[in-house]
Every structure is written in C-alpha cells, then in structure tokens.
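Visitor: May I go through this structure with you, one question at a time?

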Amino acid sequence: MDAFFASVEQRDNPDLRGKPVAVGGSGGRGVVAAASYEARKFGVRSAMPSVTAKRLCPDLIFVKSRFDAYREASGKIREIFLYFTPHVEPLSLDEAYLDVTDDIRGIGSATRIAELIRTRIHEQTGLTASAGVSYNKFIAKLASDQNKPDGLCVIKPGHGAQFVATLPVRRFHGVGPKGAEKMARLGIETGADLAAKDIEFMRANFGSFADYLYRAARGIDLRPVRANRIRKSVGGERTFSDDISSGSALRETMDNIVDIVWERIERSEAKGRTVTLKMKYTDFQIVSRARSLTGNVQDKAEFARIGHELLEEMLPLPMPIRLMGLTLSNLEREGQDERKPDTAQLSLL
C-alpha cells in the first residue's frame, strides 16, 4: 500500500488531502509512524523523531493513529488477495507476498492479476497500492517499490540480475546507511559492483551477511511464499546516521523505538512474554540481552520499563553503537491458554 496510514487519514478527512501529513505523536519524544507523499518530499520518513520531521517540514500536520481504521482497510484488502490466491504471506497490515502460480481464476497472467488487485483495492477502499511482479520474493519486493506511488513494475524471468545491477545497494533489504558507506569504501555502490565480487571477498568483509548479498546481487531468492507462517516475534530497529554512545542519547533512542514497536504490537494484536534488546557496535559486533516473564507483557509501560532495564544493564558501552532494536517474542498462539506456560523454545529474533 502507498503511505498506508497517512493515506487512510487523508481519505477519511478531506481537509488533509494534498497536504503533508504524519501519523504519530507531535510531542518532544513523538515518532513518525507514517508520512504522506507530500511530507516525504521534505525528507520526512517513518521512524523519524517528530521534532526532526517538524524541522524538515514546518507545515507538517500530525494526526493520532487509528489502528481500528487501518485494520478495517487491511481486512478488505486481504479479502481481495484471497479471491485471487490462497497463497498470501502477510508482512504487515499494508504489505504481503502473493504466489499466483496456481491461477485459480484462469486469468492467465500474473501482471493482469496485479492490475485487477490494484483496481479492486482502489474501488473498494479508496486507497492506492503499488505492485511488483516477478519470479521470486526478493525481486518482487524491489519491484513493488520501483514505481511508487500507485505503480506497477514487472521483472520477467531472466531479467532479475540485470534489474538488480542498476540499483544502489541501499535498496537491498538489510543494508543500512553505515553498511552502504562501508560498501562505498570498498568500491561497491550498485548491484553490479556487488555481483563483481567473489564469495571469498564477500565473506572476508561481510561475514554471515555475505551469502545473502552474493545471491541477492544475482537476483536469486529461493524462499517460498508461506501462507500459514507462524509469527514468532514483533519488533523494530533503527540504524543511525551517526553512531551514538552517551547514556542520554541511548535512553531517548530507546523511548523512540518503544513507540515504534509498541504500535506494531498493537497493530498485530500480539501478546508475548520475552523482551529482547539488540545492539550493533561500530565494529559490526552484535550483542543482545533478553528477559522473559511468567506471563505476557501487559502494556506499553511494562514493555518500556523492561527495555530500559536491559539497556541500563549494558551501560556504559565499550564502544558506540550504530543500531538498536527491541523485540517482543515468545508470542501467545491463538487458542493457547496464557496461564499454561509454553515450554517450546521459540526464536528470539
């Protein structure tokens, strides 16, 4: 979906249409959950502190999030997906992978299916969507971002590597600002530059991340669309443009991440017992700390308290960090009695 939360607000309030809109709190510790395309022209982005967004766009209009409205729209969109295929892997309220290999409606073209889905979404919700059509998830995801907003991009089999070659490495999932800077120092700025490096070079410079980058640069992704994927965690992380180390900056960052992640937790209606703090140092070493409760985390205040306690246990840091993330896991499955502990070991990440 295109700027989903902000677009829902503009749809439901005509006074907001054509104006820069941010969904989220406007206070000193507020965070932008979503920004309209009018706001994005000024550099406003999701997960950005509201004070920064207001500085970039003085006319920015802040509106409080309404997750009931977003969930209602998402439900209608999901029904449209399921009309065309049962193979739907949701990523969030506003994004999903669809496998239309089994053409249950006899339409005969994945591109035509994407066009029909986009048309129905607009007719039934008043919102616009962008689609990427390709032979695997990695390429389809990149293509879906290529012609936003309200766009369609098709990458046919045999053209994936050529498409990836033209893209800046910053577009690759998992490559943040610092990662892109490191690659630039190694002479890597595009997918073509990445594909020119052999696997030994990649592993020497990027460790466990190397195999993913090596395949991605060649347009390879063998992951299937998993319609019944069980969510094991809900979380979020921020990669900083400047490394941070001071206690005050780390605590403020924690507050911002709590705001972002708790909105996702409420959005997905998740309930869980384990909170995990993840940090990546400037030397790319990753450290984490986790705390598990006997019952589910009750509210945002408790989630924030645990996050801050985990942070305080790690202070002072031995070196600055470039990334911080917070995750809720050990999620309660549908039908599971919260009073009965789940002894299965679930992934924390």
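This is a predicted model: local features need pLDDT of at least 70, side-chain atom pairs count only at pLDDT 80 or more; totals for chains, interfaces and linings use all residues.

**A helix and its surroundings**

Visitor: How many residues of helix α6 are buried?
Guide: Helix α6 spans residues 137-144 and is mostly covered. Of the eight residues in α6, the number buried is seven.

Visitor: To which backbone nitrogen does a side-chain oxygen of N136 reach?
Guide: N136 stands at the start of α6. A polar contact is a pair of N or O atoms within 3.5 Å; within protein, one must be able to donate a hydrogen and the other to accept it, and residues adjacent in sequence count only if both atoms are side-chain atoms. Here the side-chain oxygen comes to within 3.2 Å of the backbone nitrogen of F138.

**The sheet**

Visitor: What is the order of the open sheet of three strands?
Guide: Two strands pair if DSSP finds at least two bridges between them. Strand β1 (residues 21-24) runs antiparallel to β2, with three bridges joining them, and G24 stands opposite V32 in β2. Pairing in the sheet is mixed, and the order is β2-β1-β3.

Visitor: Which strands stand at the edges?
Guide: An edge strand here has a single partner strand, so one of its sides is left without a neighbour in the sheet. This holds for β2 (32-35) and β3 (61-63).

**Positions listed in a record**

Visitor: Which residue does UniProt list for "binding site"?
Guide: UniProt positions follow the numbering used here, and annotations may be inferred rather than shown by experiment. The listed residue is found in the loop between β4 (88-92) and β5 (95-98), and it is partly exposed at 25% relative accessible area. Leaving aside neighbours within four places in sequence, its contacts are M1 and F4. The unreviewed UniProt entry names this residue as D94.

Visitor: Which residue does UniProt list for "active site"?
Guide: The residue has its place in strand β5 and counts as partly exposed at 28% relative accessibility. Not counting residues up to four places away in sequence, it touches P90 and K141. In the unreviewed UniProt entry, this residue is E95.

Visitor: Is S74 buried or exposed?
Guide: S74 lies in helix α4 (residues 67-84). Its contacts, leaving aside neighbours within four places in sequence, are F4 and L93. Because its relative accessibility is 5%, S74 counts as buried.

Visitor: What is omega for the cis peptide bond that joins L315 and P316?
Guide: P316 lies in the loop between α13 (300-314) and β11 (321-331). The peptide bond from K148 to P149 is also cis, and P149 is in the loop between α6 and β7. For the bond that joins L315 and P316, omega is about -5°.

Visitor: What is phi of N330?
Guide: N330 has its place in strand β11 and counts as buried at 14% relative accessibility. Its phi is positive, in a residue other than glycine, and is near 55°.

Visitor: What is the positive phi of A3?
Guide: A3 is found in the segment before α1 (4-12) and is buried, with a relative accessible area of 5%. Although A3 is not a glycine, its phi is positive, at about 45°.

Terms used
Residues are numbered from 1 along each chain as its sequence is written. Side-chain values use heavy atoms; hydrogens and water are left out. Helices (H or I, at least four residues) and strands (E, at least two) are DSSP runs, numbered from the N terminus. Buried means under 20% relative accessible area, exposed over 50%, partly exposed in between (1.4 Å probe, protein chains only). Contact means heavy atoms within 4.5 Å.
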